[in-house]
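Subject: The structure I promised you

Hi,

Here is the structure we talked about, ready for you to open. Have a look around it first, then read on for what turned up.

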Amino acid sequence: MGKLYIVPTPIGNLNDITLRALETLRTVDMILAEDTRTSSILLSKFGITNKLLSHHKFNEHQTVLTVAGRIAEGADLALISDAGTPGISDPGFLLVRTCLEQGIEVECLPGPTALIPALLNSGLPCDRFCFEGFLPVKKGRQTRLKMLATEERTMVFYESPHRLLRTLQQFIEYFGAERTACVSRELSKIHEENVRGTLQEIEAHFREHPAKGEIVIVLAGLK
Ligand code: SAM
């Protein structure tokens with residue numbers, strides 16, 4: 001019986017890969033990657049020539065059983081996503097669940113993910129927080145926002161730049177203009193930016209300077 005390794009990869013700065021991640025990616029029998037072209041850039045930087053197999057949200061329902069079967073037959077496999085920790089707003093959960101159901105050992109290496117640096121950069125309480133990932137785009141969005149209006153823990157959301165302004169406007173509607181927040185952009189990259197303030201101030205900032213790149217919104221809980 002082999003083992004499934006979940007291997008986090010950098011969210012921007014390639015130097016954030018861990019020594020254990022590199023060793024695991026070198027020594028497993030095969031690497032499952034969300035986008036083999038994106039991952040081959042990372043792997044070639046570190047001289048890793050291991051086999052890559054495509055594993056993404058469009059094929060994972062079909063492939064999890066085959067993949068789990070290979071591990072059960074003795075292969076050690078590593079799962080990586082395009083950036084950060086697999087399973088966190090990325091494919092991974094289905095494979096982990098299937099492996100565990102089949103008695104296959106799963107080991108997740110600690111490593112990069114966007115939500116933790118965004119949470120700490122915000123200066124908002126991080127002793128208790130909830131991760132909301134991407135809000136539903138249409139169906140279920142209002143219900144989720146209504147539910148979160150009474151949430152007392154700090155909340156962390158992933159968002160795309162073209163939806164940021166609309167989301168901040170909706171946050172003002174549901175959480176109030178004076179609720180504090182932080183928008184982190186391009187974490188660990190050259191143009192990293194953390195905009196802190198009330199929702200009203202942050203919305204005004206991004207109305208004047210349209211957002212580009214990757215974004216995390218951290219929102220204070222209800223006081
Ligand atoms: N698995 C990843 C993780 O562990 O954070 C998340 C993958 S999800 C498909 C991509 C989203 O993560 C982006 O839209 C953005 O919200 C957030 N993200 C990823 N990298 C980021 C970065 N360098 N700066 C800010 N947000 C980032």
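Why is strand 8 largely enclosed by the rest of the structure? Five of the six residues in this strand, which covers residues 180-185, are buried, so the remainder of the structure largely encloses it. Buried here means under 20% relative accessible area, exposed means over 50%, and partly exposed lies in between, using a 1.4 Å probe and protein chains only. Strands are DSSP runs of E with at least two residues, helices are runs of H or I with at least four, and both are numbered from the N terminus.

Before going further, some housekeeping. This is a predicted model, in which local features need pLDDT of at least 70 and side-chain atom pairs count only at pLDDT 80 or more, while totals for chains, interfaces and linings use all residues. Residues are numbered from 1 along each chain as its sequence is written, and side-chain values use heavy atoms, with hydrogens and water left out.

Back to strand 8 and its partners. Two strands pair if DSSP finds at least two bridges between them. Strand 8 runs antiparallel to strand 9 (residues 193-198), and six bridges join them.

Next, the cysteines. You'll find zero disulfides in the structure, a disulfide being a pair of cysteine sulfur atoms within 2.5 Å. Cys126 is one to check: its sulfur is 13 Å from the closest cysteine sulfur, the one in Cys182, and that is too far for a bond. Cys126 counts as partly exposed because its relative accessibility is 36%. Cys99, on the other hand, has a relative accessible area of 0%, so it is buried.

Of the 223 residues, 48% are buried. Take contacts (heavy atoms within 4.5 Å) between residues at least 6 apart in sequence: 71% of them join residues at least 24 apart.

Enjoy exploring, and write back with any questions!
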